[in-house]
Amino acid sequence: MKKMTVKKLMSLLAVCLSAVCLLSGCGGQGEQSGNTDGKENGSESAGTDDSREMVLFTWEGMFPQEVLDGFEEETGIQIVYSNFDTDETMLEKLAQAEGGDYDLVIADDYIIETVVQEGLAQKLDQSKIENFGNINPLYQGQFYDKEDAYTVPYGAGIPLIVYDPELVDFEIESYEDLWDERLADSVALTANYRVINGITLLSMGKSMNEEDVSVIEEAGEKLKALAPNVRMIQDENTQNALLNGEASVAFLYTSQVTQVLSENPELKVVYPKEGLGFGIMAGFIPSNAPNSDAAHQFLNYILEPETGAQCFDFMGYYSTNIEADEFLENQDLAVPDTVTEGEIVQNVSEDAEAAYNKNWTEFRAACD
């Protein structure tokens, strides 16, 4: 996921979610002060055994400065903020350090699965994280940490349907509604082939990660039936089609949803009843972290409701802290309690991948 402050989301669109994990991706361009100790993207980071320091390794611009300052004031622990540009860069550096050097890492779901498999993360001591129960269960038990033993979720990217109620004369409640003939030539879609295949499968009561090729082919036929309703397929600035009236409905990435609502709050957001597709970034403590106690303290700190709300408002991503929701300034970042189902796009077999690609090629051709 690209990480970006709300202020920048208001002025500059960033496509947040990558194809490999439905919304996972690389770092953003937000301002991040704090004590970087001269460490910028791609630079070497040095750990410390000083219990008064904690090396935080993540993308640039992931925390509001008042949160970093508040932790230092409350605990006396100085945060050394070290940046990486991509999840893959993080993994390479962490592997080189043999799970050392860094005290806390925040990265994307798919790369954390690899981190855990390679023994580069340690199990959390939940007795040191009193606020662990504040995590929204929707974002727990995921493929990269099924027992919630290693990670604390820190924000989610969720692509959603947004529509203009002045141009649509019925209430949209589901992915299935996108096929309604009343939406002919009026739907704008992002161009993530696994995500669009995925929401089609969800509309059929299937998994976004379906492996049965015959089922995927069935979804392909249904997807082609959507073509008459499609006005455009594009990743960048898709939200502009709603703002300028070219489309009455759009399926948008998180940053696009945030931006379009900031410009027209009268638009309606849909949390489809079939369930959500999402990507999660989460914090974990490396296996040989020099100061794991400080890392546990920081995880507990950002799980405090008001602190969590500050973080989510700053980033413009969905809250993974259910107790923080009531404190959010941007209430669009709180997922309704009625939403209890969600799924992350994962890697599939070669045969299934080929079927998904075939669906997408034929769908694009049908839309031309």
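This is a predicted model: local features need pLDDT of at least 70, side-chain atom pairs count only at pLDDT 80 or more; totals for chains, interfaces and linings use all residues.
**Overall fold**

The chain has 368 residues, of which 60% count as buried. Its secondary structure consists of 11 helices and 12 strands. Among contacts with a separation of 6 or more, 77% are between residues 24 or more positions apart.

An open sheet with mixed pairing is built from 5 strands, in the order β2-β1-β3-β11-β4. Because β2 and β4 stand at the edges with a single partner strand each, one side of each has no neighbour in the sheet. From one strand to the next, the twist averages 20°. Strands of a sheet pair through backbone hydrogen bonds, either parallel or antiparallel. Here, β1 and β3 run parallel and are joined by 2 bridges. Phenylalanine 57 has valine 105, in β3, as its bridge partner.

**The helix pair**

Helices α6 and α11 pack with their axes 9 Å apart, at an angle of about 10°. Angles under 35 degrees count as roughly parallel, and α6 and α11 are therefore roughly parallel to each other. The residues that meet include Val213, Ile216 and Leu223 in α6, and Ala352, Tyr356 and Phe363 in α11. By class, this contact of α6 with α11 has 9 nonpolar, 2 polar and 4 charged residues.

**Residue ranges of the elements discussed**

| Element | Residues |
|---|---|
| Strand β1 | residues 53–58 |
| Strand β2 | residues 78–83 |
| Strand β3 | residues 104–108 |
| Strand β4 | residues 151–157 |
| Helix α6 | residues 213–225 |
| Helix α11 | residues 350–367 |

Conventions
Residues are numbered from 1 along each chain as its sequence is written. Side-chain values use heavy atoms; hydrogens and water are left out. Helices (H or I, at least four residues) and strands (E, at least two) are DSSP runs, numbered from the N terminus. Buried means under 20% relative accessible area, exposed over 50%, partly exposed in between (1.4 Å probe, protein chains only). Contact means heavy atoms within 4.5 Å. Two strands pair if DSSP finds at least two bridges between them. Axes are lines fitted to C-alpha atoms, for helices over the stretch in contact, and angles run from 0 to 180 degrees between N-to-C directions. Angles under 35 degrees count as roughly parallel, over 145 as roughly antiparallel, 65 to 115 as roughly perpendicular and the rest as oblique. Ala, Val, Leu, Ile, Met, Phe, Trp, Tyr, Cys and Pro count as nonpolar, Asp, Glu, Lys and Arg as charged, and the others, Gly among them, as polar.
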